[in-house]
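Colleague: I am new to this structure and would like a close look at one part of it. Please take the salt bridges.

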Amino acid sequence: MTCSHCNEPMDACACPRDASGEVLLAKDQPVRIRVEKRKKGKHVTVISGIDPVASDLATILKKLKNACAAGGTISDGAIEIQGDHADRVQKELDGLGFRSRIVR
Ligand SMILES: [Zn+2]
């Protein structure tokens with residue numbers, strides 16, 4: 001059996017897959033970026049829609065934190081970056097293959 005996406009044998013296939021075992025590429029994930037205002041007027045950039053099985057949220061969080069030079073965390077399956085970094089985050093996600101949308 002070969003993978004229908006990369007045509008490699010299943011053991012050699014490294015395509016990202018979701019919890020049901022279906023191939024789910026970064027570009028096919030409906031990623032949304034929004035900036036929320038939290039307590040004391042602090043802004044948080046929230047990135048949702050990244051599949052936690054097909055993609056490694058911890059690695060993405062680390063990259064986004066570096067890119068924005070800001071703190072961040074994973075909360076309820078969404079990545080949160082402190083501050084308003086929507087544009088920077090979108091550019092970074094672009095580089096990782098995600099097609100994200102900024103929701104304002
Ligand atoms: Zn594959």
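Which residue forms a salt bridge with D87, and how far apart are the closest N and O atoms?

Modeller: The model is a predicted one. The partner of D87 is R104, and the closest N and O atoms of the two are 3.6 Å apart.

Others among them join R34, E36, R38 and E80 in a network. R38 sits in the loop between strand 1 (31-37) and strand 2 (43-48), while E80 is in strand 4 (residues 78-82); the two are 42 residues apart, and the pair links distant parts of the chain. E80 counts as buried, at 14% relative accessibility, whereas R38 is partly exposed at 33%. R34 and E36 also form a salt bridge, with 2.8 Å between the closest N and O atoms. R34 is partly exposed, with a relative accessible area of 32%, and E36 is partly exposed at 21%.

As for the setting, the protein chain has 2 helices and 5 strands, in the order β-β-α-β-β-α-β from the N terminus. Of its 104 residues, 33% are buried.

Note on methods:
Residues are numbered from 1 along each chain as its sequence is written. This is a predicted model: local features need pLDDT of at least 70, side-chain atom pairs count only at pLDDT 80 or more; totals for chains, interfaces and linings use all residues. Side-chain values use heavy atoms; hydrogens and water are left out. Helices (H or I, at least four residues) and strands (E, at least two) are DSSP runs, numbered from the N terminus. Buried means under 20% relative accessible area, exposed over 50%, partly exposed in between (1.4 Å probe, protein chains only). A salt bridge is a side-chain nitrogen of Lys or Arg within 4 Å of a carboxyl oxygen of Asp or Glu.
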